[in-house]
Amino acid sequence: MSYHFDWSVLWTGQSGTWLLQGLITTLELSLLAWLLAVALGIISGALRTAPIPPLRWISTFYVEFFRNVPLLVWMFFWYFAIPPLLPESLQNWLFDRGVEFWAGCFALGVYHGARFSEVIRSGIQSIPKTQFEAALSTGLTLPQAYRLIIVPIALRLIIPPITNESLNLLKNSSVALTIGVAELTFQTRQIETYTAKAFEALTAGTLIYLILCLTIAAIMARVERRVAIPGMIAQSRAGEF
Amino acid sequence: MRRLVFCLAVICVMTRSAAALWAETTLEKIERNGTLTIGTRTGSPPFAYVNKNNDWVGFSIDLVEKSILPVISKKVNKPIKLEKKESAPPTRIPLLTSNAVDLIAETMTDTQSRRDSVDFSLTFFATGAQFLVKKGSPVKGIQSIAGKRIAAQQGSTNARIIRDRVPNAKLLEFPDQPAAFQALTQGQVQAYTNDGIQLAGLKAKAPKPDDWIVVGEFYSYEPYGMAMRKNDSDFRQAVNIGLMEAIESGKYFEIYDKWFGPKGEVPYPLAPETKRFLQMQVVPK
């Protein structure tokens, strides 16, 4: 009664094309969502440490609201709850142009933005307060001190946790299949539909995710070594990657 | 290096014991656990769904409970409990092959390519794919869906046919029926395609059934079978005998009437040729 593996389903027929299309969609989705998440994360992370209470409240609200609701709910929210608020002609225009991709992108970006924000906040808070005071005493305004001194240092300190979050974002992009985005996991299921060979298709998907994540981790490890500020972050040992 | 060898040894031992488990037949597994585990749906009325009282019921579930379960109980000489697990088109074959469930009893179409991976029981229901649309929609069937946004269930045979026959239709696939219906309600898609009987079920359960209409000729043939692990003929025999006895004794038609009769959940009269087809599958004792 054992299962008969037939790996040839992965390279016969359209499987290869589907996997490639899925990979491209996953990369597009993750990259756009990542850019959004980093932008939101930097702004909100910086605001959470700002010495102006209302700004702190706004970003605290953003972080707590968006990171404490499951990603799946956000996917449904952006796809099902937002379009009905728009005028009907605009709705139709959007639906004809694959709004599910953009809904997925927003859901992923805004959700992970809230998580990035916490990482960036902890980075900023790990910088000694004197650094901030020194920046202000040179005549920089508050926004300038953030933009030119604090945030650049923080970004260099937080590369390891940011790598972690980025890999999470890439893997979480698979949730978008629930609103019909044809990303990598979706395509592996498609292969299963056509060939009824689930294990082969899932293995192919797993390997692609693994290779993708290992590549990103390796690149980030190099970046980390290049931009590390001596004395502020432990140098990763040579040969670790 | 030594650690690597150790890891490999552990993996070997684990696969060996797993292989020993696989060697057990389904009937032996049922006897050992005292339960028959089926994979079924929560959102496919009236075949399998969660009703207003929060009970997990349906035509497929009734068929298993009232016709197949007694045969299995008799075969293993002890009362067997029924356990239900959620299955969906992308997960049902892995659920079976991984031993998580013993039988898929829902709305699974028997196909030649699926028969490479699993075995099927007799056909217990036959339908074909159609479209569910808002009343007054320009979509009238498969001939009028070019360029339209069409929802389908991921991993279903319908999605595959649409992709092959009308490649310029904009096909959107959802993992389950409620999400696809939500997309239809909100206009993300202009039609939802699935097997006609399921669309009739969805329409009957919708908040305003009169707003929706099932259109189009059947553009596919969808014979439903119950799926099980391959090459386990004793179990398959028990399932088929259960179905045959139910058809022969008329119990099948009682259950049919309960769900699809004039007073049933989804009125859907049994066509005479379908009835004849069901009866002809019954082989003599």
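Housekeeping, then. Residues count from 1 along each chain as its sequence is written, and chains are lettered from A, with ligands numbered from 1, in the order in which they are written. In this predicted model, local features need pLDDT of at least 70 and side-chain atom pairs count only at pLDDT 80 or more, while totals for chains, interfaces and linings use all residues.

Okay, helix α3 of chain A, residues 71–81. Helices here are DSSP runs of H or I, at least four residues, numbered from the N terminus. Which residues of α3(A) are buried? They're Trp74(A), Met75(A), Trp78(A) and Tyr79(A), where buried takes 20 or more other C-beta atoms within 10 Å of the residue's own, placed from the backbone. Looking down the axis of α3(A), those buried residues sit within an arc of 120 degrees, so they line one face of the helix; the arc is taken over directions from the helix axis to the C-beta atoms. And the general rule: an α-helix has 3.6 residues a turn, so residues three or four places apart point the same way. The cover over the buried residues of α3(A) includes α5 of chain A, 99–125.

Now the chain contact. On chain A, 20 residues are in contact with 26 residues of chain B, contact being C-beta atoms, placed from the backbone, within 7 Å. On chain A's side, α4 (88–96) and α9 (184–195) are the elements giving two or more residues. Of these, α9(A) gives the most, with 5 residues.

Key:
Buried ≥ 20, exposed ≤ 12 C-beta atoms within 10 Å, placed from the backbone. Contact = placed C-beta atoms within 7 Å.
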